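Please brief me on this protein chain and its ligand, taking the local backbone first and then the ligand shell, the domains and the nonpolar cores.

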Amino acid sequence: MTEPQRAHRVVVVGGGMTGLVAARRLALAGQDVTVVEQRGRLGGQVHTVRMGSRWVDVGAEAVHLGAPAARQLVTELGLVDSVLGSRAGQSWLWTGRGLRALPAGVTPSGPTRLRPVLTSGVMSARGLGRAGLEPLVARVRPGLADDEDVSVGEFVSSRFGAEVTERFIDPLLGSLHAGDVHRLSLRACAPALVDAATHRRSLVRRRQAAAPQPGCAPTLPMFGTWSGGLHTLTEALLAGLPVTVRLGCRVQRLTAAPTGYALELADAGGAVAELRADAVVLAVPASAASPLVAPHSPRAGGILDDAEVAKVATVVLGFNRSATKALRAFGGTGVLLPSTSGMLLKAATHLSRKWPQFADDDSCLVRLSAGRSGDDRLAALTDDELARQLAAEFRTVTGLDAPAEVLHVQRWPDGLPQLGVGHQARLHTLREELARALPGVVVAGSAYEGLGLASCITSGEAAAAAVSAGLTRTTTTKEVRA
Ligand SMILES: Cc1cc2nc3c(=O)[nH]c(=O)nc-3n(C[C@H](O)[C@H](O)[C@H](O)COP(=O)(O)OP(=O)(O)OC[C@H]3O[C@@H](n4cnc5c(N)ncnc54)[C@H](O)[C@@H]3O)c2cc1C
């Protein structure tokens, strides 16, 4: 008879979406899992706040259920029936000449149809002429080599001309990533374009020929949340599982122990404790992983140290009933601003129009977002000043001059990772270095696989699989030696 396998001790550092998914998978695989989180709550950049009778997300707002990993997880957790999809509505673009409706078929990675762009009033006649050449340009420009990467901005400009990048990609993809589209990696930030780039396929032709979006599963919308906010998802991840959670503890040192690793934990009062682990998942921002890894591999530490982030913030405003009418007349679900606007505001979401759970409220909720890479203005403002400035800019953009109550100001100092050109090659080197210097320690999360929650779910699952495979190898080797 074979002995049942001993559970290995795995410490997951970081209790955001990535860490929680990794912890869930490892616990389900029978490992002895501890999650260590420096904050007093789980969820990381998923943070739902009670505002009166409503639950409002002040970090991530929706999960992309079009991604198979997200869809499967939500199904496994029994959360399908309660998913709320965002309501269809017009998005607006701020241009130097005021607001223009975002033309149908324009996505963060470029236009999928040219006709709506022609009539949108966003482009100049010259820009339109150049954009129309895309099918021809695709055939004559050299394709992207397998080991090559370029910025999203460079690729889209080479296909459609610089104006499409400036007027669509910058406010859409740039706002989403809080980044400079001329530095963000095509492979890491717009993987859907890579096939067209390498095989010289026209983006417009390919998309015209494509079947209509399949949706996800018949019952799931493409983007979703729950009436209790996104923390419904993060809270469900460990429910009923034998996982130890240590909140309010920062992991400040990682050292090799006779078997596995020792992690030094410090709480807010400065008390220090030690945890032992056979394997470790570092599901933390690159800046937090770097000091833990650098003593063992200066090269890996250096790669992590060089990783850039954009510090961002959100402000939630509540407009009273009288303003509600005007906001309804304004109509759209949101406004996107290009980096050239000079404003701090990069996007505004009309929550009451976008999400069904807020539709019947007496007041209207609007969420304002600010912060871009290379723009330090946020840091110089107090929370009051930040809220005042964003509210004033929102007034300028929409013309809505009604009193609003500031319901919440949220800063995200860890920010949004900026996955620059060459990101995947650096990630490959980082993982090789870690495997050599710290076997059994893996990094996971938005800094590596991309900042959408769906990518974090994939990343957490992959980290759990890598740790499990490493532990199985170690056990088998020991058994053979014994
Ligand atoms: C304002 C905003 C809006 C967003 N909107 C969306 C959206 O609508 N849809 C979407 O898909 N994505 C969105 N995102 C991105 C998404 O929320 C993040 O990419 C994702 O939540 C990151 O998850 P993570 O677990 O990798 O990292 P995090 O959520 O950052 O979690 C890492 C955790 O590690 C902890 N930690 C750090 N150092 C230590 C240490 N030394 N010891 C212990 N704990 C430590 C941190 O406290 C944190 O809780 C948004 C992000 C922001 C900021």
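Ala178 counts as buried because it has 26 C-beta neighbours inside 10 Å, where buried means 20 or more other C-beta atoms within 10 Å of a residue's own, exposed means 12 or fewer, partly exposed lies in between, and C-beta atoms are placed from the backbone. This is a predicted model, in which local features need pLDDT of at least 70 and side-chain atom pairs count only at pLDDT 80 or more, while totals for chains, interfaces and linings use all residues. Residues are numbered from 1 along each chain as its sequence is written.

**Positive phi in loops**

- Ala178 sits in the loop between helix 7 (162-177) and helix 8 (186-189), with helices (H or I, at least four residues) and strands (E, at least two) taken as DSSP runs numbered from the N terminus.
- Although Ala178 is not a glycine, its phi is positive, at about 55 degrees.
- Arg200, likewise not a glycine, has a positive phi of about 55 degrees, and it belongs to the loop between helix 9 (194-198) and helix 10 (203-209).
- Arg200 counts as partly exposed because it has 14 C-beta neighbours inside 10 Å.
- Leaving aside residues up to four places away in sequence, Arg200 touches Ala138, Arg139, Arg141 and Gly143, a contact being two C-beta atoms, placed from the backbone, within 7 Å.
- Between Arg200 and Ser157 there are 43 residues of sequence separation and 14 Å of space, C-alpha to C-alpha.

**Ligand shell**

- The ligand is surrounded by 37 residues, of which Gly14, Gly16, Gly44, Ala60 and Gly445 are the closest; a residue is near a molecule if its C-beta atom, placed from the backbone, lies within 6 Å of it.
- By class the shell around the ligand holds 18 nonpolar, 14 polar and five charged residues, where Ala, Val, Leu, Ile, Met, Phe, Trp, Tyr, Cys and Pro are nonpolar, Asp, Glu, Lys and Arg are charged, and the others, Gly among them, are polar.
- Elements that each supply at least two residues of this shell include helix 1 (17-28), strand 21 (404-418) and helix 19 (453-481).

**Helix 1**

- Helix 1 has twelve residues and reaches 17 Å from its first C-alpha to its last, close to the 16 Å expected at 1.5 Å a residue, the expected span being 1.5 Å times one less than the number of residues.
- Eleven of the twelve residues of helix 1 are buried, among them Met17, Arg24 and Arg25.

**Domains**

- The domain assignment of the protein chain gives domain 1 (9-43 + 69-80 + 230-296 + 438-481), domain 2 (105-209) and domain 3 (309-418), with bounds that come from an automatic or database domain assignment.
- Domain 1 and domain 3 both give residues to the shell around the ligand, so the ligand lies between them.
- The C-alpha centres of domain 1 and domain 3 are 33 Å apart, and five residues of domain 1 are in contact with four residues of domain 3.
- On the side of domain 1 that touches domain 3 there are four nonpolar, one polar and no charged residues.

**Nonpolar cores**

- The largest nonpolar core has 67 residues, and Val12, Val13, Ala22, Val280, Val281 and Leu282 touch the most other members; such a core is a set of buried Ala, Val, Leu, Ile, Met, Phe, Trp, Tyr and Cys residues joined through C-beta atoms within 7 Å.
- Helix 19 gives the most to this core, with eight residues.
- Apart from this core lies another, of 66 residues, including Leu102, Val122, Val204 and Leu317.
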